[in-house]
Amino acid sequence: MLETIAGPETNYHSYQVHAMIERRLNRNIIVSEPIRIYKRFSIEESLNWISAMNSIDKQWDNVAQYSISIPDVNIPFGATFPVKLRLAPLSKSIKLHAFSIDVIEQHEVKISAPAAYSAQFNVHFLSSKREHIIFSERHNLDDCIEPESEESDLEWCITKTISLPHGLEACTQDVSSKMMTIRHQVAFTVELLGVGKGLSMIKGTIPFNIYMSPHVISEHGTVRQVHIDGLHNDYVPPPPLYSKHQSDLLLAVGECPLNTKTLRMNCEQSLDNIFFDSAALDCAPSYETVIRNQPSIANYTRTIYP
């Protein structure tokens, strides 16, 4: 079943529930209520985003070295997450002028052309591409650099926050199908002074995925606010589905009835044999016990006669 796809100025796919009360002497009563159906996000379905990096680290000629990053390429719908920029100018004459952030939503729709249109113009498919800016901010020099920073001339470190729209009609989740593709990307612009005459700019984009989650949409159809505060290792992606779970290999006692007395004895007794099978043990042996019971190399030497 295709999920609900509705966004800014578009309603590609939607669902409604119709209920009808039939009456003999009066007109029938028909009531309709819109509902939304979304596909649950899983880690397995996002494997194609592994190649997309959540950071850019480059050097622009001999002007400056810069690095910009977001927490993860998978962001829940309506979330708030930080963008971190580090920029080190390679010349003392270079000054930071402004820093701009935009979140761009790209729509690409491809449908089969009507038979008459295809025969007349020899066109088999009709395609349409549109872009929407769902977030935009521009920060000048005073907003970017802290006044008490001692390293403002050597390296600039800027952290700003992106707030995705909370309205279900203002933004669309990422979609990838034969007929429709919806993608998102963070576009940034760094304005510099002192490189040449006028204003110089560093531009780039970081693609990311906006997904729907049951923790985001409440029962009344409103979007909850989700704040992602950490960067990189501080942010934990959503867990996989329960059907995709893996059994813990250390719980070997689950195959037989659990006996606390037997389990306590097995964990406390010492190893009498030289070799042991770790899969058959209920607990890991101590390092001193294994070293003490290791055989000597001299016991395994033999003489070879010519």
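Buried means under 20% relative accessible area, exposed over 50%, and partly exposed in between (1.4 Å probe, protein chains only). The model is predicted, so local features need pLDDT of at least 70 and side-chain atom pairs count only at pLDDT 80 or more, while totals for chains, interfaces and linings use all residues. Residues are numbered from 1 along each chain as its sequence is written, and side-chain values use heavy atoms, with hydrogens and water left out.

**Exercise 1. Find the salt bridges and place their partners in the chain.**

Step 1. Apply the rule: a salt bridge is a side-chain nitrogen of Lys or Arg within 4 Å of a carboxyl oxygen of Asp or Glu. The count by this rule is 3 salt bridges.

Step 2. Take Glu169 and Arg36, whose side chains meet at 2.7 Å, N to O. Glu169 is in the loop between β11 (156-163) and β12 (175-176) and Arg36 in the loop between β4 and β5, so the pair ties together parts that are 133 residues apart in sequence. Helices (H or I, at least four residues) and strands (E, at least two) are DSSP runs, numbered from the N terminus. Arg36 is partly exposed because its relative accessible area is 32%; Glu169 is partly exposed at 49%.

Step 3. Take Glu155 and Arg86, which form a salt bridge at 3.0 Å, N to O. This pair links distant parts of the chain, with Glu155 in the loop between α2 (141-144) and β11 and Arg86 in strand β8 (residues 79-89), 69 residues apart. Glu155 counts as partly exposed at 31% relative accessibility, and Arg86 is partly exposed at 36%.

Step 4. Take Glu191 and Arg138, whose closest N and O atoms are 2.8 Å apart in a salt bridge. Glu191 belongs to strand β13 and Arg138 to strand β10, so the pair ties together parts that are 53 residues apart in sequence. Glu191 is buried because its relative accessible area is 7%.

**Exercise 2. Describe the pairing of β1 and β2, and the setting of Thr10.**

Step 1. Strands pair if DSSP finds at least two bridges between them. Strand β1 (residues 5-7) and β2 run antiparallel and are joined by 3 bridges; Ile5 has His13 in β2 as its bridge partner.

Step 2. The two strands, β1 and β2, form a hairpin with 2 residues between them, and Glu9 in the turn has a positive phi of about 60 degrees.

Step 3. Thr10 lies in β2 (residues 10-13). Thr10 counts as buried because its relative accessibility is 11%. Leaving out residues up to four places away in sequence, Thr10 touches His107 and Arg130, where contact means heavy atoms within 4.5 Å.

**Exercise 3. Locate two loop residues, other than glycine, with positive phi.**

Step 1. Asp61 has a phi near 45 degrees and sits in the loop between β5 (55-60) and β6 (64-69). At 57% relative accessibility, Asp61 counts as exposed.

Step 2. Asn122 has a positive phi of about 55 degrees and lies in the loop between α1 (115-121) and β10 (125-140). Asn122 is exposed, with a relative accessible area of 59%.

**Exercise 4. State where confidence is lowest and highest.**

Step 1. The protein chain averages 76, and 67% of the residues score at least 70.

Step 2. Confidence is lowest in helix α3 (residues 260-268), at a mean of 42, and highest in strand β13 (residues 180-193), at 94.

How values were computed
pLDDT = per-residue confidence, 0-100.
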